[in-house]
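This report describes selected features of the structure shown below.

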Amino acid sequence: MKEITVALAGNPNAGKTTVFNSLTGAHHHVGNYPGVTVEKKWGSIKHGDARVKVVDLPGTYSLTAYSLEELVARDFVVEERPDVVVDVVDASNLERNLYLAIQFMEMGAPLIIVLNMVDLAESRGLKIDVERLSELLGVPVVPAVATKGKGMKDMLNAIVTLPPKGDGWHPVDLSYGNELDGHIYKLTEIIEGSNLTVGHYPARWLAIKLLEQDEQVQRLVKDSDVGEDLLRKAEKVARHVHDTFDDVPEGLIADHRYGFIASICREAVHRTMDERLTISDKVDKVLINRTFGPLLLAGIIYLTYTFVFWTSEVPVSVVEGFFGWTREIITRLIPDGLMKSLIINGVIDGVGGVLSFVPLIMLMFFAIAILEDSGYMARMAFLLDRLLRYFGLHGNSVLAMIVSGGISGGCAVAGVMATRTLKNPKERIATILVAPFMNCGAKIPIYALLIAAFFVESRAMVMFALTIISWSFALLAARGLRSTVLKGPHTPFVMELPPYRMPTFKGLLIHMWERTWHYLKKAGTIILLVSIIIWAMSTFPKAPEELLAGKSGKERAEAEISYTVAGRIGKGLERVTAPLGFDWRTNIALVGGFAAKEVVVSTLGTVYSLGEFDPEASGVLSERLERQGDWSQLKAFSLMLFCMLYAPCFVTLAVIKNETKSWKWTGFAMAYTTVIAYVASLAVYQTGQLLGIGV
Amino acid sequence: MLKVARLNELEIGEKGKVIKVNGKGEINRRIRDMGIVPGALIEVETKATLGDPIEIKVKGYHLTLRSSEAAGIDIEKTE
């Protein structure tokens with residue numbers, strides 16, 4: 001069977017993902033491009049007597065060396081030499097979309113253009129002469145409506161009938177104006193006469209990239225025999241362009257590409273009616289209105305959370321019920337002893353506790369997919385860029401912050417993964433480092449417990465205050481990081497506001513599932529491991545019988561746990577944590593909380609030896625805490641603040657390591673947050689003691 | 001009469017034609033990649049709450065950029 005490799009390219013929002021999904025369905029693989037955190041998806045489909053392997057390139061507007069996605073897309077095409085590059089083009093936004101197509105033509109890659117959303121273009125009064133367009137560009141053009149599956153078969157037919165690889169690549173000879181054409185010709189000649197063409201790089205393309213002062217290509221040619229000569233000549237052209245046009249060569253090149261596109265569109269595109277406001281434009285008049293925009297933003301986020309909590313209530317209780325049932329069965333089947341304790345207290349309570357969050361997290365990802373696929377996420381970045389920039393972040397940081405729990409209930413694991421939309425490494429790392437300050441879903445049980453015990457009269461107020469406090473710490477920390485260890489300029493905020501679109505259900509499901517699976521894999525393995533470790537630490541070494549002699553009930557349980565490793569750590573830490581108001585039992589809970597914040601609640605339950613603890617019945621524990629003589633409002637608040645700020649949970653740290661590819665930043669994320677938490681709680685507890693507030 | 005202004009000086013609803021994109025490096029390249037090239041027609045659609053960033057319409061689609069970035073784009077205003 002003939003095997004054909006297809007690289008699927010296109011602008012963001014051009015419908016590339018829809019084309020990919022309709023080709024491969026849910027049967028595709030997800031991974032990363034080697035060495036970078038750009039997601040790579042691939043899958044295959046049989047068509048006639050050929051097997052078509054489709055690799056989804058990152059969505060890009062251009063192919064410069066500036067952004068990671070563009071570099072990845074370009075490297076894949078140059079180095080892997082796919083048999084066909086399919087460029088998905090938004091027909092309703094033809095000029096800008098063709099800019100990418102032109103650059104594939106400059107490389108000489110065998111190109112097929114899929115003219116997507118032709119229905120939308122027509123409804124806007126744009127009549128595109130497909131044949132003429134194909135003729136002018138010199139590549140096959142297939143009209144399509146990917147969301148309805150139209151044109152997909154034609155596309156596959158075009159793919160299998162395109163001439164095979166052996167036919168060679170044919171870079172198009174575009175003119176970049178009299179000024180540059182001569183120079184490009186000369187540089188091309190030098191490159192062709194050198195040892196540089198050994199690789200897969202077309203000589204003319206290298207010449208153009210040199211004039212564009214492309215850093216990657218500059219590095220590539222530097223060590224060749226003609227490297228110095230080439231760089232010197234390119235530099236001379238740049239100076240000349242600067243002196244005569246007060247411009248940069250890459251600017252002139254871009255202008256000519258767009259000029260070429262404009263001349264094609266004049267011939268192939270006809271306007272059948274005047275431009276008028278689309279529905280999307282009208283919606284935006286309201287949603288990003290200067291006055292109402294921010295208010296509606298808050299409202300939409302609030303609605304999103306309401307939706308997630310409301311819809312997840314039943315599935316969460318079903319999953320919890322399932323674990324409760326499993327627990328009961330095992331309790332009956334296995335005789336008392338270590339094995340039983342390990343399975344029930346270690347595995348089921350640990351992993352089950354996390355897995356019962358999965359329905360909530362799935363629905364949360366579903367809601368976020370709606371915000372993203374509909375186009376609203378871009379508006380959120382637009383509305384909040386100015387504010388975030390003041391603190392050294394970027395408009396695109398907003399997604400990560402909200403996903404992490406910007407309004408209580410997110411998850412920093414998903415939040416850290418959501419920073420991939422940030423191009424600048426410094427802004428990205430700053431966002432990754434501050435996102436865990438947000439009030440994620442796992443901190444909510446802690447707050448719920450302590451609020452129920454000590455702040456019953458001012459529930460909502462305290463919850464609201466905690467939200468404000470977490471945002472303040474995140475923003476101030478970002479500002480601090482960006483003016484010290486992550487000092488650097490702002491990156492441009494030049495972003496498309498895509499038209500609002502009705503998300504397709506299939507797309508949403510695929511989106512949701514990809515992320516949930518990621519979470520399940522990470523959470524499942526690490527949480528399982530840590531749960532077992534915590535269980536072992538709070539079980540061993542066993543206290544000798546003579547120590548327990550004569551003790552029973554609460555007293556005995558307390559003696560048992562203080563003899564274990566966890567108990568000793570808790571006691572050992574008392575000296576450090578006493579100024580914050582925490583005793584050894586709280587310390588054990590906080591150490592457990594390194595694994596996952598919700599563990600704080602269950603550990604408090606265990607160490608206060610209250611027997612089986614059910615997070616749903618936090619009222620019980622809160623009542624007991626309230627009755628403890630050494631607890632006060634001040635201590636409770638100090639603990640809530642500490643839990644909000646201290647080290648991200650293990651799963652988040654694992655994801656931070658994965659995303660930053662750096663142990664240094666992972667270690668930093670753990671250390672600096674704990675220091676901030678310590679200082680903040682210390683300040684609050686000591687000030688409170690001094691002034692006699694809440695004691 | 002030729003009225004030249006910087007893009008960030010245009011009010012909401014004002015239109016114009018790009019004359020020149022100043023500056024260099026990443027911002028310049030990105031702006032041009034997105035279709036803001038000499039001759040392109042531009043309309044200021046709206047501005048965010050604090051007047052920054054701004055939203056423009058160019059080549060039939062919507063683009064946002066910061067006021068500081070728009071300051072490098074020379075526009076010939078049209079009525």
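**Helix 7 of chain A**

In this predicted model, helix 7 of chain A comprises 15 residues (residues 178-192), which at 1.5 Å a residue should span 21 Å. The C-alpha atoms at its ends lie 22 Å apart, which agrees with that expectation.

Five residues of helix 7 of chain A are named here as buried: A:L180, A:H183, A:I184, A:L187 and A:I191. Viewed down the helix axis, the buried residues fall within an arc of 105°, so they line one face of helix 7 of chain A. The other side of this helix carries the exposed residues A:N178, A:G182, A:Y185 and A:E189. Against which helices does the buried face pack? The partners of the buried residues are helix 8 (203-211), helix 10 (227-245) and helix 11 (249-268), which belong to chain A.

**Helix 26 of chain A**

Helix 26 of chain A (residues 584-593) is mostly covered, with ten of its ten residues buried. Among them are A:W584, A:R585 and A:N587, together with A:I588, A:L590 and A:V591.

**A sheet with strands from chains A and B**

Seven strands form an open sheet with antiparallel pairing, in the order 10(A)-5(B)-4(B)-3(B)-2(B)-6(B)-1(B). Its edges are strand 10 (495-496) of chain A and strand 1 (4-6) of chain B, each of which pairs on one side only.

Strand 10 of chain A runs antiparallel to strand 5 (residues 61-65) of chain B, and two bridges join these strands. Within strand 5 of chain B, B:T64 is the residue opposite A:M495.

Note on methods:
Residues numbered from 1 in each chain as written. Chains lettered and ligands numbered in written order. Predicted model: local features only at pLDDT ≥ 70, side-chain atom pairs only at ≥ 80, totals over all residues. Pairing = 2+ DSSP bridges. Helix = DSSP H or I, 4+ residues; strand = E, 2+ residues; numbered from the N terminus. Expected span 1.5 Å × (residues − 1). Buried ≥ 20, exposed ≤ 12 C-beta atoms within 10 Å, placed from the backbone. Arc of directions from axis to C-beta. Contact = placed C-beta atoms within 7 Å.
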